[in-house]
Amino acid sequence: MVGPITLLATAVVLPAAAAGVLRRLLRTSMVLSLPIGISALLVNLFFFPGGSEVLLRLGPVTATREGLELALQVLARILAISGAITLFYLTTRPAELVVDLERRGVSPRLAFVANASVQTVPAMVDRASAIIAAQRARGLDTEGSIAQRARGLVPIVGPVIMGSIAEVEQRTMALEARGFTRPGRRTLLWHPADSGAERVARWLLVLTVPALLVARSAGWLDLLG
Amino acid sequence: MLVLEAVSYRYAGAERPAIRQVSLTLDKGEVLGVVGPSEAGKTTLCLVASGLAPRAIRGAMDGRVLLDGADTTALPMHEMAARAGICFQHPQTQLSGICGTVFEEIAFGPMNLGLQRDDVVVRTWDALDVLGITALAERDPMQLSGGQMQLVAIGGLLALRPAHLILDEPTAQLDPGGTRLVGECLARLAAGGASILITEQKTDLLERICGRVVVLEKGGIVAAGPTDEVLAAAGLAAMGVAAPSRVRVRRALAGAGFGDGAIMDALH
Amino acid sequence: MIELRLEGLVHVYRDSTVRAVDGVDLQVGPGQRVAIVGQNGSGKTTLVRHLNGLLRPTEGRVLVDGSDAARLHVAQLARRVGLVFQDPDRQIFARSVRAEVEFGARNVGMDRADRNDAVSQALAATGLEGESDTNPYDLGDSRRKLLALASVLAMRTPVLVLDEPTTGQDVRGVEIVGSVIRAAHAEGRTVIAISHDMGFVAETFDRVVIMREGRIVLDGSPAGVFAQRAWSTLEETYLEPPFPSRVGARLGLDSTPTDEALIARLRERASDSVPST
């Protein structure tokens, strides 16, 4: 458990604090990892086979100390992963990402898709909230019981999907009309600054991965668990 | 010159064609208005004229579309882009969405064509200049007003230096300020000799910029001629098109017995 | 019959510091027809979304029929205030036109007989009576917009709020929206509509509220807000008075926002100038 937490602290929380996005990072990655985090916590806590030290008995299931430890470890890992992904999105300007990918020889279309998928999330969230508002205005009860809310899913999910399809269609036409489907390299006007320090940091990160793998298999990290 | 020769278009899965036997010519330096009720086929006409249909939208086309003599179905889409630029109703979905500044957004088309860097820069400044939006160059396109976004979309087309501009209800979704802004720009482009095919419900705008107007109803052309004649025709309302304000008020005044010269002069 | 009252309404969206609505006091009596006009971003949509509780005031109060809207569920308010959104594609989900229109009426708890009656009436009012079984996505943009209007009409709310009902409509669509508003008015319902079409506003509404940067800058009859003394205020909000107003001004007449008003003023002047013998 100490491992993922150390990682979370050094690779996610510290850089996020340095970039001034710590609060947004915490909020976003909490929301992202909450559902999977809770289910992982419950499953590992109550269904860990062969734990000996019983902490809590709830009918047919028991929570053991070993289960709790594993659950916390899984949770820490999920937080480390979701935190790292969120940090990437919060600190990377999509336009810069695309330009840089292209400069490194990635096909413009692939670069566009990579970026569009980043941008689609907030657009989807906006659309979904507008749709929820419109359906509530028509008396859809989203504040009632779970059964009532479940009934409200179709009127919300339907327009979200149809709207996304229509938008993709329109965007595709607009892109085609501007020559985006032309084969071959595009002209690039600029590329993001890439300082020496950034390059060094990037290579250090790349080298850290095999180093950690070696350390792990040699048993030097067992202490951290 | 843009020529449609007896063009019919039926979308994949549709029972009836969206446009039937449409023939029209857009001469160099001409602004041609297309009016008609909704579902008359105006958007389909624009898609066909730009070559997007049938290339990007599935369907069956009859007849021929010629852009400066070249059959559109024989040209790859990126070559069409330099011949005909198309602008749609909704400003947001026309922007690439991946450009951080207006400048890059307008440069997007020329960059796609792989033009020389200097050429891209010159074309982009030219487009900004023609539309009078150089002050927006460094702004984030997604933070602009609807009217400004629509001008950026048009600028993105102009940077491709297309021989023809096809505009599908470019002011329909805009507020009065945006409509005025885009209208003024279109009037400037028209005066500058651009070849424009434009559909609009706002006949007041067409009256100002178009030399000729065609009326589309149920997929077919039902009237065509000089703007003043077509938009002042008595049967226009029956075709589902609003007369320009000037025509409507003149008619109302004349009907009430106020058709004398001094009052009619006040309409201009 | 319901009275709406906004008291010192302020709204600041989350993650924003801008006062989208910045201190609005507005009272709309039962049966009034009110147009709200202004550029995008002037706070019109934010304002009307308070009327059915979709947004809660940051400051101030919204009173619907005397009770504080903040204490009512949106589902409860939906029985009193029907709000039609600008973009129909953000609400249409059903597989048939009729089912789409029935959705709201069912949600507000109408019984079957009332519902059938309300749905048929709403379809007829919007010219969609022949399209009951049509898939909404087979309708063009402007008829989809009328479908969204029909779906709220069928809820038979005493207050009807329309967000840009004429945007993107052709002349027939605009006529239908106008006739729906007149019919609702004749039934004593309150109608509030956001619109960018000054001619339509002058022809269809008794009262025009003009907004700019979250505040009300003009409030009065069409003849009043489009009168020449208000033109400089209109110009500051990038609005133009309707064409008949401009023609009237050139003829030395004021307050002629519609064709009828222009003709009436010309008649008055003609009869004044006839020398009495």
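Predicted model: local features only at pLDDT ≥ 70, side-chain atom pairs only at ≥ 80, totals over all residues.
**Exercise 1.** State what confidence the predictor gives the complex, and what pLDDT chain C averages.

*Solution.* Start with the complex: its ipTM is 0.90 and its pTM is 0.85. Then take chain C, where the average pLDDT is 94 and 99% of the residues score at least 70.

**Exercise 2.** Find how many residues of chain B and chain A are in contact, and the area buried between the two chains.

*Solution.* Count the residues on each side: chain B has 38 in contact with 26 of chain A. Next, turn to area, since the size of an interface is often given as the accessible area lost when the parts come together. For chain B and chain A the buried area is about 2,700 Å². Carbon and sulfur atoms give 59% of this area.

**Exercise 3.** Identify the salt bridge across the interface of chain B and chain A, and count the residue pairs in polar contact.

*Solution.* The rule finds one salt bridge between these chains. Its partners are the side chains of Glu105(B) and Arg178(A), with an N to O distance of 2.8 Å. This passes the cut-off, because a salt bridge requires the nitrogen and the carboxyl oxygen to lie within 4 Å. For polar contacts between chain B and chain A, the count is 12 residue pairs, with both residues at pLDDT 80 or more.

**Exercise 4.** Describe the side of chain B that touches chain A by helix and by residue class.

*Solution.* Four helices of chain B each supply at least two residues to this side: α3 (77-80), α4 (102-112), α5 (117-131) and α6 (146-158). The largest share, 10 residues, comes from α4(B). By class, the residues of this side divide into 22 nonpolar, 13 polar and three charged.

Notes:
Residues numbered from 1 in each chain as written. Chains lettered and ligands numbered in written order. Heavy atoms only, no water. pLDDT = per-residue confidence, 0-100. Contact = heavy atoms within 4.5 Å. Buried area = accessible area lost by both parts, 1.4 Å probe. Polar contact = N/O pair within 3.5 Å; in protein donor to acceptor, adjacent residues only side chain to side chain. Nonpolar A, V, L, I, M, F, W, Y, C, P; charged D, E, K, R; others polar.
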